[in-house]
Amino acid sequence: MRPIQAAYPAARFRRIRRSDSLRRLTQETVLTVDDLIWPIFIRDGEGVQEPISSMPGVFRLSIDMAVKAAEQAAGLGIPAICLFPYTDPSVKTETCEEAWNPDNLTNRCIRAIKAAVPDIAIMTDIALDPYNANGHDGLVRDGIILNDETIEALVRMALVQADCGADILGPSDMMDGRIGAIRTALEGAGHKDVTILSYSAKYASAFYGPFRDAVGASGALKGDKKTYQMNPGNSDEALRLIERDLREGADMVMVKPGMPYLDICRRVKDAFGVPTYAYQVSGEYAMIRGAADRGWIKGEAAMMESLLCFKRAGCDGILTYFAPEVARLLRG
Ligand SMILES: NCc1[nH]cc(CCC(=O)O)c1CC(=O)O
């Protein structure tokens, strides 16, 4: 597109900015409740709502409270909720078998939410880090994160989550070949309509810190995730990963983190035109919330602006811890 513009004074850009009505009329992108996926943290217990110190306003919820949260989200019109388990260190092993236990925390929570709130879509995370004594997303041998052995574990995890009623599977592990393996297994097991939202372009980022506190993985993690998560300096590689995952059967793709990677979102949307999501991750949430709580920025305005900008960058939706707050504001 090549915009045609008269010269000043025939053209005055300020004409369309002079009133709220004209600004609304000429706004190119909008944020709606339909764009939101709400990530929540779950834990064992009953009636528990445990604060997370590095994410003020975010809690670890026991399953009964997570069901209430899902009811609340559905009432606000939020289309999807995404579950992340805080697992007790005692269930973490090197072989990660808790990941495909049909009665693990996540799977019990999927069933409970499905029974009580059938209309909200449930997204899950597929990666071994919550169950891994090493804190990594994949199985580890002699300090090496194993690709192919991990895929077998991820497939088992995915099938059990699908059996429990998960609507959207989110492989966040960044192993090579996992989307194809999961898709083939789902088709084979009769789960033909289970959606895969692949964390296709997931960067090795410093912005995940508060999340790792929230799921109790900070202590366990040995080293970093740079042998499987992407180098923040790369952009062409993101397109190759997205193309690969689409060819393997991903229905939707994600860029993560969000705000420092809006250029990637735009390239992905322009190149493929597929349902494209960004994850406004825990560190981004903590920066906005932390600064707002100190009076350094206007929290509500910064939250809304940050999310609108994901839409402008080409995203169809955003995973954000702000989801219920945003939904309340948007609904007035
Ligand atoms: N598979 C782990 C996973 N899934 C989602 C996040 C991060 C989300 C956030 O920071 O909000 C991570 C962290 C990591 O890769 O270490």
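Residues are numbered from 1 along each chain as its sequence is written. Local features need pLDDT of at least 70 in this predicted model, and totals for chains, interfaces and linings use all residues.

**Exercise 1.** Determine which strands pair with β9, and in which sense.

*Solution.* Helices (H or I, at least four residues) and strands (E, at least two) are DSSP runs, numbered from the N terminus. Two strands pair if DSSP finds at least two bridges between them.

1. Strand β8 (residues 168–171) pairs with β9 in the parallel sense over two bridges; L169 stands opposite I196 of β9.
2. The chain passes from β8 through helix α5 (residues 178–188) to β9 in a right-handed β-α-β crossover (with the strands pointing away from the viewer, the path from the first strand over the helix to the second runs clockwise).
3. Strand β10 (residues 252–256) also pairs with β9 in the parallel sense, over four bridges; M252 is the bridge partner of L197.

**Exercise 2.** State how many residues of β9 are buried.

*Solution.* Buried means under 20% relative accessible area, exposed over 50%, and partly exposed in between (1.4 Å probe, protein chains only). In β9 (residues 195–202), seven of the eight residues are buried.

Technical notes:
This is a predicted model: local features need pLDDT of at least 70, side-chain atom pairs count only at pLDDT 80 or more; totals for chains, interfaces and linings use all residues. Side-chain values use heavy atoms; hydrogens and water are left out.
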